[in-house]
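Dear colleague,

I am handing over the structure below, and my notes on what was found in it follow directly after. Please read them with the model open beside you.

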Amino acid sequence: GAASTPTRFAAVMMLGMTALFGLALASLADRAGPRARVLLGAVAVALVAELLPVPRTLHATDVPGVYTVIAADPRPVSVLHLPFGFRDGTRTVGYYDNARQYYQTLHGKPLIGGYLSRLARNQVSRQRRSKILRTLILLSEGAPYTPAAPHVLRDRGAVFARRTRLGYVVVDRASASPELVAYAVSSFALERIDGDDVYDLYRCTVPL
């Protein structure tokens with residue numbers, strides 16, 4: 001089903017349009033009239049402006065400061081983002097923001113959750129079999145949830161944290177519900193260590 005996605009044909013369409021545009025310019029050049037020369041000159045100036053290799057800001061590349069704290073940690077720990085989710089080329093499970101993988105280029109730590117171009121259905125089912133991940137997905141999607149007893153959350157969270165070597169949890173305050181944050185704090189024994197206008201940074205205190 002993904003093969004028919006219109007954006008997949010954008011590159012082929014642009015190549016075809018470029019060839020047609022070049023043929024149109026060649027036809028104008030053959031006429032060699034004053035108006036044709038003016039138009040060709042304008043196109044040449046536009047192409048030079050478009051292809052000139054000068055620095056141009058197309059998108060903000062700033063990385064939030066909380067990630068410098070993670071980058072300074074020499075331990076091989078992983079990072080969990082809240083809200084939580086993962087994505088492939090056709091669907092999103094839970095909640096996922098692609099900027100997280102860009103921020104990973106600074107801190108260099110493994111992510112829990114992420115993006116894959118092809119995510120098999122059995123892989124999604126396997127992730128949902130984990131009680132921790134299933135609950136994170138449900139809470140990230142805004143589904144109702146009744147938490148287990150505190151000692152059960154701590155036991156499950158400790159097993160999960162050791163298995164994934166969870167070191168840090170980054171919370172997007174605007175998108176993460178209070179219930180989701182409370183669940184993560186209780187499960188992973190989180191301690192808030194930093195934050196800015198957008199994110200809160202928590203450290204997992206479970207011994208790894």
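Leaving aside neighbours within four places in sequence, His81 is in contact with Tyr67, Arg100, Leu111 and Val170, where contact stands for heavy atoms within 4.5 Å. With Tyr67 there is also a polar contact between the two side chains, at 2.9 Å; the term covers a pair of N or O atoms within 3.5 Å, of which, within protein, one must be able to donate a hydrogen and the other to accept it, and residues adjacent in sequence count only if both atoms are side-chain atoms. His81 lies in strand β1, residues 78-82, and is buried, with a relative accessible area of 4% (buried is under 20%, with a 1.4 Å probe and protein chains only). Strands here are DSSP runs of E with at least two residues, helices are runs of H or I with at least four, and both are numbered from the N terminus.

Please bear in mind that this is a predicted model, in which local features need pLDDT of at least 70 and side-chain atom pairs count only at pLDDT 80 or more, while totals for chains, interfaces and linings use all residues. Residues are numbered from 1 along each chain as its sequence is written, and side-chain values use heavy atoms, with hydrogens and water left out.

As for the sheet, five strands form an open arrangement in the order β4-β1-β5-β7-β6, with mixed pairing (two strands pair if DSSP finds at least two bridges between them). Its edge strands are β4 (111-112) and β6, each of which pairs on one side only. Strand β7 (residues 199-204) is mostly covered, since five of its six residues are buried. Five bridges join β7 to strand β5 (residues 166-172), and the two run antiparallel; here Val171 has Asp200 of β7 as its bridge partner. Strand β6 (residues 190-195) is likewise joined to β7 by five bridges and runs antiparallel to it, Glu191 being paired with Arg203 in β7, and these two strands form a hairpin with three residues between them.

Best regards

Definitions and conventions:
Buried means under 20% relative accessible area, exposed over 50%, partly exposed in between (1.4 Å probe, protein chains only).
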